[in-house]
Amino acid sequence: MQLAHSKTPLPSRDESPALQARRAPSRVGYERSGFAFLLNAPALIALVLLAAYPILSSGWISLHKYSLKRPRIFAFVGLGNFRELLASDEFWSALWVTLKFTGLVVALVISLGLLIALLLNRRFPGSALVRTLLLIPWAIPPVVNGLMWQWIYDSKVGALNGLLVSLGLLRDYRGWLSDSTSALLALVWADVWNLVPLAVILILAALQRIPGELYDAARVDGAGAFQMFRYVTFPWLAQALLIVLILQTMAAIRAFDVIYVLTAGGPGSSTTTLTWQTFLTTFESLNFGLGNAYAWTVSVITLSLAVLYFRVLYRRGEIEA
Amino acid sequence: MTLTGSHRAKTIGLTLAGMLVALYLLAPFSWLVLTSFMHERDVLSVPPQWIPQDATLENYSIFFDPTGTRAIVGARAAAQMLPGMLNSLIAALGTALLNLVLGTLAGYSLARFDFRGRTTLLLLYLGSRMLPGIALIVPLYLMMKTYGLLDNLVALIVTYLTFTLPFTIWLLRNYFQAVPRSLEEAALIDGCNWLQMVTKILLPAAAPGLVAAGMFAFMTAWNDYLFAVILTSTMAAKTLPVVVAGFATDVTTERTLMASGGVMAVIPPLVLAFIFQRLIVQGLTSGATKD
């Protein structure tokens, strides 16, 4: 290595911290705290300005009567907006739609993800190709995904109608997005297509960590395929599945783009989730006070899920205390 | 090696299942791609034309010459495609670059130093990754308005930074931890200072992590719609997803044009994904858990 003894003044006048570290007992190093925080400072400043401040500011706005229709009024109303929210039909309807949507998306993503991962964990001609194809739904921007499915579901010229009619499964073309039940299912299916690859990748990685000897031992003990899944695969997979479950639940609650393009919350309010209701209240009704009360409600729900996620990671020992 | 009958049957079963999965992953997207090569009148046919009988490149060439041969209702939208793509590219590259700089600094300190408040920082980073975008949008909008940054790519870049940086830090920390400490120590003994050690030893050793992190940041920024639609209003900063969604909600736009616009929006992330397939799979796994 031809590294010259250049005289760059970074990071301190006398010695580099890493060199000091070599001399100090390696695990305790409070004297390096200053340098460590210095390295974290740019990231911390960015996050405080662009995440911490906005979320607190959103909380502050949610305690006020504030509408862009009358931008001069900014009156403190305490928890008034939250009371209004809890008393409104829109909130409970949106909560119920969110539960249905999230439940269906997560159930489908996990079961499809598990099946595909179990399949791809085996070797067969073309398995590498299928793994590559997984990247297609994963890489598609949600807006384009919504556009693509809007078209597939189209009531006059859509591919789904064309396919079902030519297979004889459906007599007449129908408007999949104009009926409240089928609109929700259509939205779920479109979102699932976008989310499944991530689940497959995470589950597949967990499957590949299972030591092969465990299966040999189980085989010697005379276990069948189901018993092997139940007693060997599943226990090793449980945590990965839990992580997928939590991450996908949060992703489903956050879903926005696909709703915007595909159903815009309709017909009626049949696909209006809490996230979409937040958007409507804020940017259609221009009621920033109530809108931010919605935003905080969504945040609290998501962050409680995040706490769960941390606990799973903690138990795996991935965040060292 | 000879396969027994049951072995062969199993392989055939697996292959068939694999084909089914491939069809599921490929069919909706192929429909979009095929449509983008059709004439408008063929798209409207019932039953649908599965394979374009009279394929055309018109829906793509119009982006380069919006006022040219084909005067159509979607001409204005078509004219926005390339500028939108350029805006997306600037926003995504800017986000990726900032991520790598800030993420390397923070990720390194979390990987190597054992300092008071380290766990708190880790949890803080993880936590901010979980915030729903819809909860931040109003204050960010008001903030950008105050500073005159509405309809400006800078506003998009710093906003995307918030959403990508925690993941980048987490990911880079995992990659840096995997670089043997002895490499760094050897460099320091050879007389490198800290900065030289980082640029000449650590970063090259963690290069796959940097590529993966940069790519995830790029893709998140490229794919975003929510912030782009709220924070931008003209072609000064409108990104591709906003232009494309504009097609979708504008009933007069030709469908074939929507399809080719959608395909254009997919190409950059898809190409990246195919080139860096192994790194993506590694990075996604490492980012969600830690291995």
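The contact takes 94 residues from chain A and 86 residues from chain B, where two residues are in contact if their C-beta atoms, placed from the backbone, lie within 7 Å. This is a predicted model: local features need pLDDT of at least 70, side-chain atom pairs count only at pLDDT 80 or more, and totals for chains, interfaces and linings use all residues. Residues are numbered from 1 along each chain as its sequence is written, while chains are lettered from A and ligands numbered from 1 in the order in which they are written.

On the side of chain B that touches chain A, helix α1 (residues 5-36) of chain B gives the largest share, 13 residues. Helices here are DSSP runs (H or I, at least four residues), numbered from the N terminus. That side of chain B holds 60 nonpolar, 18 polar and eight charged residues. Ala, Val, Leu, Ile, Met, Phe, Trp, Tyr, Cys and Pro count as nonpolar, Asp, Glu, Lys and Arg as charged, and the others, Gly among them, as polar.

Now the helix pair. In chain A, α4 (residues 89-120) and α11 (residues 225-254) pack at about 140°, axes 9 Å apart. Axes are lines fitted to C-alpha atoms over the stretch in contact, and angles run from 0 to 180 degrees between N-to-C directions. α4(A) and α11(A) are therefore oblique (under 35 degrees is roughly parallel, over 145 roughly antiparallel, 65 to 115 roughly perpendicular, the rest oblique). By class, their contact has ten nonpolar, five polar and no charged residues.

Finally, confidence. The model scores ipTM 0.87 and pTM 0.85. Chain B has a mean pLDDT of 84, with 92% of its residues at 70 or more; pLDDT is the predictor's confidence in each residue, from 0 to 100.

Note on methods: Helix = DSSP H or I, 4+ residues; strand = E, 2+ residues; numbered from the N terminus.
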